[in-house]
Number of protein chains: 2
Amino acid sequence: MKLSTRGRYAVTAMFDIALHHDKGPVSLADISERQGISLAYLEQLFPLLRGRGLVKSTRGPGGGYSLAVDSEEIAIADVIDAVEESLDATRCGGSADCQNHQRCLTHDLWEGLSGQIRSHLSGISLAQAVSNAHVREVSSRQEHRMNRVEVI
Amino acid sequence: MKLSTRGRYAVTAMFDIALHHDKGPVSLADISERQGISLAYLEQLFPLLRGRGLVKSTRGPGGGYSLAVDSEEIAIADVIDAVEESLDATRCGGSADCQNHQRCLTHDLWEGLSGQIRSHLSGISLAQAVSNAHVREVSSRQEHRMNRVEVI
DNA sequence: AAATAACCGAGTAAATCACTCAGGTATATA
DNA sequence: TATATACCTGAGTGATTTACTCGGTTATTT
């Protein structure tokens with residue numbers, strides 16, 4: 001099973017863009033500051049998201065990243081898939097040669113679990129996730145903090 | 001998220017016991033041979049399973065491990081819980097202080113995922129999992145291999 | 001021209017993982 | 001009582017992965 005901070009960071013960053021893309025492209029520096037993720041680390045992640053056609057980039061001042069497609073069209077699973085090797089609970093990655101080139105005793109069990117996770121995360125769009133009450137609340141708090149920082 | 005070979009091995013070993021416990025306690029040496037898991041590694045795992053009241057041990061010749069309760073009463077989640085630190089998709093482990101001592105933007109999302117996984121694995125008993133057709137097939141193949149080894 | 005911000009590849013410290021080793025202790029059988 | 005079996009315990013280790021950094025380049029706006 002692969003679901004590390006890498007995937008979590010990618011989803012968080014996509015949340016941030018979805019919440020701010022009305023004001024044009026969102027720079028990685030802004031995401032870094034708001035979400036507390038190192039800029040260099042984000043720079044490593046975003047080419048992967050772009051490669052999957054989830055975001056598009058604009059260079060130069062005022063540039064940044066924006067969603068390549070509507071947030072309803074992006075599933076959480078897509079984001080994780082983009083940055084994480086494989087979202088799979090089986091050991092063999094579905095190839096079913098777990099033990100001695102045979103499907104291991106427990107293969108079906110992990111396959112079932114993988115399917116469960118996958119369908120759950122495929123069923124949640126970025127738009128849905130972001131519309132969550134708590135997300136909006138935290139987001140507005142981050143807005144205020146940002147403003148305060150700018151004032152000081 | 002924590003689901004490594006550790007948890008997989010534990011489940012596989014429990015499968016093995018469930019499939020053979022009619023012939024009395026199952027030794028770790030047998031499990032090791034049948035399932036291709038290092039004996040020393042199993043010895044590390046089983047005290048944890050015993051601590052959770054999933055298996056009981058009998059020492060001495062002819063000894064080994066047997067199920068402490070009926071296989072219908074053991075959920076796959078119990079087995080994984082016993083050997084794996086936490087089966088949780090959130091970063092903070094549910095404590096909700098993910099970022100700056102606040103629930104992070106994506107907290108609810110990971111919490112939802114954790115719940116999904118947990119309820120899935122809690123809903124499958126060892127008995128159910130073992131009754132799977134493929135499991136029985138592989139198991140009988142292992143039986144034959146064991147016999148052949150003994151003959152040679 | 002200068003500032004901004006995406007792009008790119010290599011490198012690294014720390015943690016985790018799977019696994020081993022070297023013993024010790026209880027119990028059944030001869 | 002001796003011996004073999006099999007559980008029990010704790011410490012150690014090599015390899016891999018992880019999160020993260022650094023130094024620099026290229027494109028675009030003002």
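The model is predicted, so local features need pLDDT of at least 70 and side-chain atom pairs count only at pLDDT 80 or more, while totals for chains, interfaces and linings use all residues. Residues are numbered from 1 along each chain as its sequence is written, chains are lettered from A and ligands numbered from 1 in the order in which they are written, and side-chain values use heavy atoms, with hydrogens and water left out. DNA strand D is surrounded by 27 residues, and DNA strand C is surrounded by 27 residues. The whole structure holds 4 salt bridges over all chains.

**DNA strand D**

- Among the 27 residues that surround DNA strand D, the closest are Thr5(A), Ser38(A), Arg59(A), Ser57(B) and Tyr65(B); a residue is near a strand if one of its heavy atoms lies within 4 Å of it.
- Of the atoms of DNA strand D that come within 4 Å of the protein, 66% belong to sugar and phosphate.
- Tyr9(A) places a polar side-chain atom 3.2 Å from a phosphate oxygen of DNA strand D. A polar contact is a pair of N or O atoms within 3.5 Å; within protein, one must be able to donate a hydrogen and the other to accept it, and residues adjacent in sequence count only if both atoms are side-chain atoms.
- Gln44(A) reaches a base: a polar atom of its side chain lies 2.9 Å from a base nitrogen of DNA strand D.
- Gly60(B) uses its backbone, with an N or O atom 3.5 Å from a sugar or linking oxygen of DNA strand D.
- Two or more residues each come to the surface near DNA strand D from α1 (5-20) and α3 (39-51) of chain A, and from α3 (39-51), β1 (55-58) and β2 (64-67) of chain B. Helices (H or I, at least four residues) and strands (E, at least two) are DSSP runs, numbered from the N terminus.
- The surface near DNA strand D has 8 nonpolar, 13 polar and 6 charged residues. Ala, Val, Leu, Ile, Met, Phe, Trp, Tyr, Cys and Pro count as nonpolar, Asp, Glu, Lys and Arg as charged, and the others, Gly among them, as polar.

**DNA strand C**

- The closest residues to DNA strand C are Ser57(A), Tyr65(A), Thr5(B), Ser38(B) and Arg59(B).
- Sugar and phosphate make up 68% of the atoms of DNA strand C that come within 4 Å of the protein.
- Ser38(B) has a side-chain N or O atom 2.6 Å from a phosphate oxygen of DNA strand C.
- The elements that give two or more residues to the surface near DNA strand C are α3, β1 and β2 of chain A, with α1 (5-20) and α3 of chain B.

**Helix α3 of chain A**

- α3(A) has 13 residues and spans 19 Å from its first C-alpha to its last, close to the 18 Å expected at 1.5 Å a residue; the expected span is 1.5 Å times one less than the number of residues.
- Leu42(A), Leu45(A), Phe46(A) and Leu49(A) are the buried residues of α3(A). Buried means under 20% relative accessible area, exposed over 50%, and partly exposed in between (1.4 Å probe, protein chains only).
- An α-helix has 3.6 residues a turn, so residues three or four places apart point the same way.
- The buried residues of α3(A) pack against α1, α2 (28-35), β1 (55-58), β2 (64-67) and α4 (76-83) of chain A, where contact means heavy atoms within 4.5 Å.

**Ser125 of chain B**

- Ser125(B) sits in the loop between α5 (107-122) and α6 (126-130) of chain B and is buried at 10% relative accessible area.
- A polar side-chain atom of Ser125(B) lies 3.0 Å from the backbone nitrogen of Gln128(B).
- Not counting residues up to four places away in sequence, Ser125(B) touches Ser71(B), Glu72(B), Ile74(B) and Ala75(B).

**Salt bridges**

- Arg34(A) and Asp16(A) form a salt bridge at 2.7 Å, N to O; the term means a side-chain nitrogen of Lys or Arg within 4 Å of a carboxyl oxygen of Asp or Glu.
- Arg34(A) is in helix α2 and Asp16(A) in helix α1 of chain A, 18 residues apart. Arg34(A) is buried at 6% relative accessibility, and Asp16(A) is buried at 0%.
- Asp16(B) and Arg34(B) form a salt bridge at 2.8 Å, N to O.
- Arg118(B) and Asp81(B) form a salt bridge, with their closest N and O atoms 3.2 Å apart. Arg118(B) lies in helix α5 and Asp81(B) in helix α4 (residues 76-83) of chain B, so the pair ties together parts 37 residues apart in sequence.
- Arg118(B) is partly exposed at 30% relative accessible area, whereas Asp81(B) is buried at 18%.
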